[in-house]
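I opened my notebook to look up a few places in this model.

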Amino acid sequence: MPSTPYGSFTRRALVGLALAAAASPAVAQSRPRVVTILGDSITAGYGLPSRDALPARLEVQLKTLVPGVRVRGAGVSGDTTAGGLARVDFSVQPDTSLCIVALGGNDLLQGLDPQQTRANLDRILARLKARRIPVLLVGLTPPNAIGRSYARDFAAVYAGLARKHGVPLYPNLLDGVRGVPRLNQRDGIHPNAAGVNVIVGKLAPVAARALR
């Protein structure tokens with residue numbers, strides 16, 4: 001059947017409506033909000049199946065607080081803050097709605113100068129800010145056994161940078177887990193599945209507030 005002007009108009013109208021729907025805020029909001037975790041072996045899930053690793057467990061917990069969220073793990077075992085700085089531009093992809101920066105554990109284990117740790121994290125935060133990617137900074141509270149002065153200087157790095165860059169701070173990734181044998185793997189450093197659940201239970205509400 002030959003087309004009529006009315007039929008052509010109808011087809012054009014339908015195409016226009018489809019394009020408008022694709023560009024509407026409701027459709028845009030249906031896209032998942034991505035949380036990227038830039039970290040080391042703890043956030044990479046060292047020694048754990050992927051379903052029990054921190055990114056997977058955090059996604060499950062966050063979805064109860066922020067529907068449609070997706071967590072992308074960008075943890076590399078053994079990474080120091082220098083390693084995170086070297087890869088931040090490609091590890092944190094442009095679709096990231098929130099970057100959780102959880103680095104410094106290996107700096108601590110290697111006894112690196114806290115000022116160098118600070119400088120590296122400072123540059124990571126500055127690069128993410130330049131890309132307009134919101135950040136949740138996650139710190140570590142060192143045990144006094146490594147030296148009270150060093151522990152104090154190291155812990156101060158995170159609070160100082162959170163103030164400088166105006167980002168929220170979760171002070172201690174291993175809060176409630178460090179030093180509790182039943183929550184850690186045999187090495188006493190990396191959390192087991194139960195330990196990850198403790199971390200996620202404390203971290204998820206903070207991440208949800210930052211994401212909102």
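What volume does the largest cavity have? I read off about 40 Å³. I note that this is a predicted model.

**Entry: the cavity**

I counted the cavities of 30 Å³ or more and got one. Next I listed the lining of the largest cavity. S41, I42, G45, Y46, L48, A53, L54, Q185, H190, P191 and V196 line it. I sorted this lining by class. Seven residues are nonpolar, four are polar and none is charged.

**Entry: H190**

I picked H190 from the cavity lining. H190 sits in the loop between strand 5 (169-170) and helix 9 (193-211). Is H190 buried or exposed? Its relative accessibility is 10%, so H190 counts as buried; the cut-off for buried is under 20%.

I then checked the side chain of H190 for polar partners. The side chain of S41 makes a polar contact with that of H190, at 2.7 Å. A polar contact of 2.6 Å links the side chains of H190 and D187.

I also looked further along the sequence. With neighbours within four places left out, H190 touches S41, I42, Y46, N184 and Q185.

**Entry: P181**

I stayed in the loop between strand 5 and helix 9, where P181 is also found. Here the relative accessibility is 69%, so P181 counts as exposed; exposed means over 50%. I compared P181 with G195. They are 14 residues apart in sequence, and their C-alpha atoms are 9.5 Å apart.

**Entry: the largest pocket**

I turned to the largest pocket and noted a volume of about 340 Å³. Its lining holds 21 residues, and G105, L109, L174, R178 and I189 are the closest to the centre. Which helix gives the most to this lining? I found helix 6, with four residues. Helix 3 (41-44) and helix 6 each supply at least two. By class, I have twelve nonpolar, seven polar and two charged residues in the pocket lining.

**Entry: helix 7**

I took helix 7 next, residues 114-130. It has 17 residues. From first C-alpha to last it reaches 24 Å, close to the 24 Å expected at 1.5 Å a residue.

Which residues of helix 7 are buried? I wrote down P114, T117, N120, L121, D122, I124, L125 and L128. I kept a general point beside that list: an α-helix has 3.6 residues a turn, so residues three or four places apart point the same way.

I then asked what covers the buried residues of helix 7. The cover includes strand 1 (33-39), strand 3 (96-102) and strand 4 (135-138). It also includes helix 5 (81-91), helix 6 (105-109) and helix 8 (148-165).

I looked at the N-terminal end first. D113 caps it, with a side-chain oxygen 2.9 Å from the backbone nitrogen of Q115.

After helix 7 comes R132. I placed R132 in the loop between helix 7 and strand 4. R132 is not a glycine, yet its phi is positive, about 60°. Is R132 buried or exposed? Its relative accessibility is 78%, so R132 counts as exposed.

Notes:
Residues are numbered from 1 along each chain as its sequence is written. This is a predicted model: local features need pLDDT of at least 70, side-chain atom pairs count only at pLDDT 80 or more; totals for chains, interfaces and linings use all residues. Side-chain values use heavy atoms; hydrogens and water are left out. The expected span of a helix is 1.5 Å times one less than its number of residues. Buried means under 20% relative accessible area, exposed over 50%, partly exposed in between (1.4 Å probe, protein chains only). Contact means heavy atoms within 4.5 Å. A polar contact is a pair of N or O atoms within 3.5 Å; within protein, one must be able to donate a hydrogen and the other to accept it, and residues adjacent in sequence count only if both atoms are side-chain atoms. On a 1 Å grid over the protein atoms alone, a cavity is a set of points where a 1.4 Å probe fits but cannot get out, and a pocket is an open set with protein on both sides within 12 Å along at least five of seven lines; lining residues have an atom within 4 Å of a point. Grid points are joined across faces, edges and corners, and a volume is the space filled by probe spheres set on the points. Ala, Val, Leu, Ile, Met, Phe, Trp, Tyr, Cys and Pro count as nonpolar, Asp, Glu, Lys and Arg as charged, and the others, Gly among them, as polar.
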